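Please look through the sequence and the structure below before reading on, and keep both at hand while you work through the briefing. The points that follow are grouped by topic, so that each can be checked against the picture in turn.

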Amino acid sequence: MPATTKPKKKAAESASKNFNFNIGSDVESLKASISNHLRFSLARDTKTATSRDWWLATSYAVKDRILDRYIDTQGVHNDSNARRVYYLSLEYLMGRLLENNLVSAGIYDNVEKALSELGVDFKAIMDEEVDMGLGNGGLGRLAACFLDSLATLEYPAIGYGIHYEFGLFRQEFVNGHQVERPDNWLHNGNPWEVSRPEYQVSVPVYGHVEYHFDSKGDWYPRWVGTQSIIGLPWDIPIIGYGGKTVNFLRLWESKASNEFDLDAFNRGGYTEAVHDKAVSETVSKVLYPNDKSESGKELRLVQQYFFVACSLKDIVRRFKKKNEDWEAFPEKVAIQLNDTHPAVAVPELMRILIDEEGMEWDEAWGICIKVFGYTNHTLLPEALEKWSVPLFQKVLPRHLQIIFEINRRFLEDVVEHRWPGDNGKKGALSIIEEGNPKMVRMAYLATVASHSINGVAALHTELLKQHLFHDFNELFPERFNNKTNGITPRRFLKVCNPELSALITEKVGDDWPYHLEKLTGLAEYAKDKAFQEKFMGIKRHNKEKLAAVIEELCGVTVSPDALFDVQIKRLHEYKRQHLNLLHILARYRAILHNPDAPVVPRVFIFGAKAAPGYDLAKNIILAINKIAEKINNDERVGDKLKVVFLPNYRVSLAEQIVPAADLSEQISTAGKEASGTGNMKLSLNGALTIGTLDGANVEIMEEVGRENIFIFGMTVEEVHELRTKGYNPWEYYNGNPELKAVVDWLASDFFTPGEPFALDPVRRSLLDGGDPFMVLADYQAYIEANKLVDEAFKDKSKWAEMAILNTAHMGKFSSDRTIHEYAKDIWSLEALPVPM
């Protein structure tokens, strides 16, 4: 055949198949693949290879098999011109991938055996992997769970985010203080990602808007004088459980459009030569840059626009490959905004449709409404994202024009029609908040532009409709719906708690990771003494393993016989870690006053990061660490009470804590927590919950039964009533001698010798600061609930029964159920099986 002749398609496919190396998943094939990667990808032999080399070689071998399935999956999706959901999230808390991918691909045992035959310690190489620095809290972990469920349930889906060079930060404690170190998670590379330079895009920012006349004499705007940032995509394959479907997460790395100025370099301006490169790469440098400064705010806005602009360009490119008519866009594309961070996607899509595609406003707006869905994750008004109009004008001048026009039409056409002449209602609903400066309300923008607005727990959704978005709910009642959050049972039971998973499989069969509702079959064994013994024996073993981690990280010896009391979540006042701390002080005080009194030994375990600019949250961390230091070294206390704050809380650490927890602290002020997912993970693994009627706690109580959970404190209605009447924390402080004593003790120098006011910010927040989250109002109810916990823990058989029933009744809280609901009610998405 002449060199210029292209081979026929079938011949090319045949050649590709013949050239394919052995992709089998049997032990011998895996051994060969791992050995080949060690030698040919890493240039190592078995004599010089380190544990890290073996981890990389193993990861590459596993990725080979996942990518083989990925190619099949994307081929089916592309050939069928499938409708896809595009999930836009600023963070994904992915954790480590090797173990999870092995379980999902069904090759865990074979890889373990292959490594063993190669003389490699399987568990040792697992610890070489670092958590991906792509997320921080529950919002990011939820996004990761959703990706897992979308692939497992065979829904065509792509996640979009940012390829951060550094994660939020690596947390260390220095003399009790949180110190933030760079989380350089990419330092040793990431074996799971695939670079896609052929799909890079250019994103304009800054500049100004000029007006020109077209051939008909009509003016049109042009965004000119912009600076460009290049978005380079990196793909992480997402394998569903069972390995049938492999979707992907596309992450955008920022690059300079002009990375190197040779003229500047040649004239000696070495720093100037790489200036553009340094500035552009800052955009994807770090997750959540500190926004206390104006430059920090500007970077955050640029970061958010960069990621949605890259993603929308990619979505449009993919759509145009198979479709010519824009009317088909809503039929092929569903975009979910995970909170307000991606809300700037609304004016960006309008800009694309109007400025680049020449579409009329009404047609473009109709497409936007059909395409976008918005998930709200907060009930805190102060947490609803806003940007100043001057900042928006500087960074995105054309988008600000579009937002003003969206707002004008909304107020004149929709609000005026519903409430004629009511300017007060217009001011309340306006996307632009009046003031100096004016502000763009991103949650309002997302709400106006989305056909679906969902909360993430039944209570949260009702509170959104009643309070935060009350007027919007009156305007668009059909748009509001609830989608209670869920967690993936693959990572948060099967992977992190293999002994309990094996016991569950023994009783209910091996398909429960697909059908978590089958856990209800465990309920019939809740009173069975032999099953209780097995169940609690596994819990004991997990506590022994966690005790070793605590010894290693904190230098504190704890007894697995004690009750492990766990509060692991982002550090924020509304989550009330300081309420937990007051209870610890009360227990400590009681032990010192009556050292011979019998007590139920407890180990209080904290894990949390505070935002770098959140001073009070960091002072709460300091208070916990200083009080822990005093208690843990007080010989009068011994094993009756221990307090540990595990540093650098992350997914891989959570996977060690969750299986070992006896008690789950879910103690937010009622009406403040949107949902929570830590409560689900802990309860699924047999921890009992102590909590308020807040977020998903309400639904957990409904599932497990009021008798199997420790509920305390004010309800949402009681919180509102007390706040309306006028909450005075001094009344509670002065009316409760024990409370007064522990609050005063906190502010003394007993825990911080020589620094009498080191912990005073916590005390001031509770008293002088007005105690905004009503810690003191719920204090006594919390103390009483903890007494019930102590009594229950003494009865080992009863505690075991309650723990088993918690695990048995958590089927509702699988993220599979949540995703099915999104697919049916919001995205109109059909599963698309890929032939094996």
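This is a predicted model, and what is described here is computed from its atoms.

- An α-helix has 3.6 residues a turn, so residues three or four places apart point the same way.
- Helix 31 (residues 737-746) has Leu 739, Val 742, Val 743, Trp 745 and Leu 746 as its buried residues. They too are placed on the same side of their helix, because the arc they cover around the axis is only 160°.
- Packed against the buried residues of helix 31 are helix 24, helix 25 (615-632), helix 30 (729-735), helix 32 (760-766) and helix 33 (775-794).
- At the start of helix 31, the backbone nitrogen of Glu 738 has a side-chain oxygen of Asn 736 within 3.2 Å.

- In soluble globular proteins, nonpolar side chains tend to be buried together.
- The largest nonpolar core here has 252 residues, and those with the most contacts inside it are Phe 329, Ile 335, Trp 365, Phe 392, Leu 582, Leu 776 and Trp 827. Helix 11 (residues 294-322) gives the most to this core, with 12 residues.
- Another core lies apart from this one and has 21 residues, among them Ile 550, Phe 564, Ala 660 and Ala 661.
- If neighbours within four places in sequence are left aside, the residues in contact with Ile 335 include Tyr 86, Leu 88, Leu 312 and Val 371.

- Strand 18 (residues 563-568) is mostly covered, since six of its six residues are buried.
- In a regular strand the side chains alternate between the two faces of the sheet. From strand 18, Leu 563, Asp 565 and Gln 567 point one way, while Phe 564, Val 566 and Ile 568 point the other way, and all are buried.
- Strand 18 runs parallel to strand 19 (residues 602-607), to which six bridges join it, and Gln 567 stands opposite Phe 606 in strand 19.

- Three strands form an open sheet in the order 13-15-14, with antiparallel pairing. Strand 13 (386-388) and strand 14 (432-433) stand at the edges and each has a single partner strand, so one side of each is left without a neighbour in the sheet.
- Three bridges pair strand 13 with strand 15 (residues 439-441), and Trp 387 stands opposite Val 440.
- Strand 7 (residues 208-213) and strand 8 (residues 219-224) run antiparallel and are joined by six bridges, with Arg 222 as the bridge partner of Glu 210. Five residues lie between the two strands of this hairpin, and Gly 217 in the turn has a positive phi of about 90°.

- Asn 247 belongs to strand 10 (residues 246-256), and it counts as buried because its relative accessibility is 3%.
- Although Asn 247 and His 77 are 170 residues apart in sequence, they are 9.8 Å apart in space, C-alpha to C-alpha. A polar atom of the Asn 247 side chain lies 3.0 Å from the backbone oxygen of Tyr 155.
- Asn 101, in helix 4 (residues 98-105), counts as buried at 5% relative accessibility. Not counting residues up to four places away in sequence, Asn 101 touches Val 62, Ile 66, Trp 192 and Ile 239.

Notes: Residues numbered from 1 in each chain as written. Predicted model: local features only at pLDDT ≥ 70, side-chain atom pairs only at ≥ 80, totals over all residues. Heavy atoms only, no water. Core = buried A, V, L, I, M, F, W, Y, C linked by side-chain atoms within 4.5 Å. Buried < 20%, exposed > 50% of the residue type's maximum accessible area, 1.4 Å probe, protein only. Helix = DSSP H or I, 4+ residues; strand = E, 2+ residues; numbered from the N terminus. Contact = heavy atoms within 4.5 Å. Pairing = 2+ DSSP bridges. Arc of directions from axis to C-beta. Polar contact = N/O pair within 3.5 Å; in protein donor to acceptor, adjacent residues only side chain to side chain.
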